[in-house]
Amino acid sequence: MKILGISCSPRKEKSTEYCLKKALLAAEKIDGIDTITYSLAQKNINGCIACDYCRSQLGCSQKDDFLNELLPILKDPQLKGILIATPVYFGSMSSQCKAFIDRMLPLRRNGFMLRNKVAGVLAVGGSRNGGQELTIQALHASLLIQDCIIVSDSSHFGSTCWERHPDGLENDTIGLETAANLGKKIAETILLLNKA
Ligand SMILES: Cc1cc2nc3c(=O)[nH]c(=O)nc-3n(C[C@H](O)[C@H](O)[C@H](O)COP(=O)(O)O)c2cc1C
């Protein structure tokens with residue numbers, strides 16, 4: 001059973017990916033769970049153009065990295081969970097993240113293929129209170145529209161991390177704990193739902 005962790009920062013191997021990896025590491029500790037890390041940095045993923053191509057087929061008129069790389073991962077029946085990690089941009093998700101969310105429309109239109117996938121959100125901001133929770137909430141709304149099962153970090157809304165912690169991101173112990181707790185919660189909920 002797999003969890004897709006998606007980093008929605010345009011910057012490769014920076015704070016969003018760092019926090020995501022902490023979350024996925026915790027998820028992998030749970031027996032039976034594998035993870036896939038996918039970074040949107042340097043990928044070519046356009047916004048949805050509402051052409052309605054996906055009304056009649058599970059595909060997309062835009063032949064970019066979403067169609068070629070992400071759609072195959074998302075439609076794999078072994079995929080049971082999704083962890084979306086985004087930097088906070090102006091109190092919300094990055095534009096790369098929004099493009100990814102909108103491009104998942106074919107999965108909804110062709111039998112709600114993300115239904116009952118366990119989903120959680122991690123947001124990294126430059127400020128301690130820079131809009132991480134608002135960003136998480138915005139993404140929760142999108143995931144509800146896909147009929148995902150949303151989980152928290154077992155305590156609040158998801159994972160909230162602080163890139164510019166005075167002692168460095170790696171010392172944002174509270175934030176990184178929320179990341180690990182979110183990864184663990186997604187994995188544990190997948191197991192609960194898939195009990196034999
Ligand atoms: C366009 C832009 C807008 C931003 N807006 C916010 C914001 O509203 N709140 C905040 O806390 N940080 C904000 N930041 C800072 C980023 O969220 C922060 O640097 C984040 O860690 C970047 O992730 P990355 O290192 O993975 O690229 C903004 C950064 C950019 C480039």
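The structure is a predicted model, in which local features need pLDDT of at least 70, side-chain atom pairs count only at pLDDT 80 or more, and totals for chains, interfaces and linings use all residues. Residues are numbered from 1 along each chain as its sequence is written. Helices (H or I, at least four residues) and strands (E, at least two) are DSSP runs, numbered from the N terminus.

**Helix α6**
- Helix α6 covers residues 173-193, and its end C-alpha atoms are 30 Å apart, which agrees with the 30 Å that its 21 residues should span at 1.5 Å a residue. The expected span is 1.5 Å times one less than the number of residues.
- Among the buried residues of α6 are Gly 175, Leu 176, Lys 184, Lys 185 and Ile 190. Buried means that 20 or more other C-beta atoms lie within 10 Å of a residue's own, exposed means 12 or fewer, and partly exposed is in between, with C-beta atoms placed from the backbone.
- What covers these buried residues includes β1 (2-7), α1 (15-28), β3 (79-87), β4 (118-125) and β6 (159-162).

**Nonpolar core**
- The largest nonpolar core has 44 residues, of which Cys 19, Ala 23, Leu 83, Ile 84, Leu 122 and Ile 186 touch the most other members. Such a core is a set of buried Ala, Val, Leu, Ile, Met, Phe, Trp, Tyr and Cys residues joined through C-beta atoms within 7 Å.
- Elements that give two or more residues to this core include β1, α1, α3 (95-103), α5 (132-145) and α6.

**Strands β4 and β6**
- β4 and β6 pair in the parallel sense over four bridges; pairing requires that DSSP finds at least two bridges.
- Leu 122 stands opposite Ser 159 in β6.
- Both faces of β6 are covered, with Ser 159 and Cys 161 buried on one side and Thr 160 and Trp 162 buried on the other.

**Ligand shell**
- Of the 17 residues around the ligand, Ser 9, Lys 14, Gly 125, Gly 130 and Glu 163 come nearest. A residue is near if its C-beta atom, placed from the backbone, lies within 6 Å.
- α1 and β4 each supply at least two residues of this shell.

**Two loop residues**
- Asn 116 has a positive phi of about 65° although it is not a glycine; Asn 116 lies in the loop between α4 (105-109) and β4 and is exposed, with 12 other C-beta atoms within 10 Å.
- Ser 154, also not a glycine, has a positive phi of about 75°; Ser 154 sits in the loop between β5 (149-150) and β6 and is exposed, with 11 other C-beta atoms within 10 Å.

Notes
Two residues are in contact if their C-beta atoms, placed from the backbone, lie within 7 Å.
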